[in-house]
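Reader: I'm new to this one. Could you walk me through how to read it?

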Amino acid sequence: MQICNVCSEQTPKYRCPTCKIRYCSLACYKIHKDTCLPLTQPSRITVDKTVTLPEPWNVEDLLDEDHYTDRVPLEILQRLGESQELRDLLHNPHLRQLLRSIDTADSKDDAMKAAMQEPLFVELSDQCLQIVENK
Ligand SMILES: [Zn+2]
Ligand SMILES: [Zn+2]
């Protein structure tokens, strides 16, 4: 049989909504609420915090960094536009169509793999690499 957590005399009829202790009457509740502390759930709070805290780094950040170091500076990209060899290659409508399909492809990886089967595209990318690597 339970007794009131406040006066320890009566049978408790109520339960404190905050800390869940039992009490018998409004008079006991008034005494209790001054010292009432919310129920703490330390383990759950800790788990929630670790889930929402940002991690110092993740795999995606590392990939982004690699992409960034692989990126060709703008002035070298502009050199591509000045290349007569590239312009000659791009006179080919089949190659232009191929480039357009890569540009609009949902999966660039798949589109690039398919394009690398095309000798014309390989020639184009070789030409681009020559220009980019020519210091
Ligand atoms: Zn009581
Ligand atoms: Zn309470």
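Author: Let's start with a term: a residue is buried if 20 or more other C-beta atoms lie within 10 Å of its own, and exposed if 12 or fewer do. Keep in mind that this is a predicted model. Of the chain's 135 residues, 6% count as buried.

Reader: What does an exposed residue look like here, and why does K13 count as exposed?

Author: K13 has 11 C-beta neighbours inside 10 Å, so K13 counts as exposed. You'll find K13 in the segment before β1 (14–15).

Reader: Which residues make up the largest nonpolar core?

Author: The general idea is that nonpolar side chains tend to be buried together in soluble globular proteins. Here the largest nonpolar core has five residues: C4, V6, Y23, C24 and C28. Take C28: beyond its neighbours within four places in sequence, C28 contacts C4, V6, C7 and Y23.

Reader: How many helices and strands are there?

Author: The chain has eight helices and two strands. Starting at the N terminus, the order is β-β-α-α-α-α-α-α-α-α.

Reader: And how do I read a pair of helices?

Author: Two packed helices are described by the angle and the distance between their axes. For α6 (residues 93–104) and α8 (residues 119–133), the axes come within 10 Å and cross at roughly 75°. That makes α6 roughly perpendicular to α8. By class, their contact has five nonpolar, one polar and no charged residues. H94, L95 and L98 in α6 meet L120, F121 and L124 in α8.

Notes: Residues numbered from 1 in each chain as written. Chains lettered and ligands numbered in written order. Predicted model: local features only at pLDDT ≥ 70, side-chain atom pairs only at ≥ 80, totals over all residues. Helix = DSSP H or I, 4+ residues; strand = E, 2+ residues; numbered from the N terminus. Core = buried A, V, L, I, M, F, W, Y, C linked by C-beta atoms within 7 Å. Contact = placed C-beta atoms within 7 Å. Axes fitted to C-alpha atoms, helices over the stretch in contact; angles between N-to-C directions. Parallel < 35°, antiparallel > 145°, perpendicular 65-115°, else oblique. Nonpolar A, V, L, I, M, F, W, Y, C, P; charged D, E, K, R; others polar.
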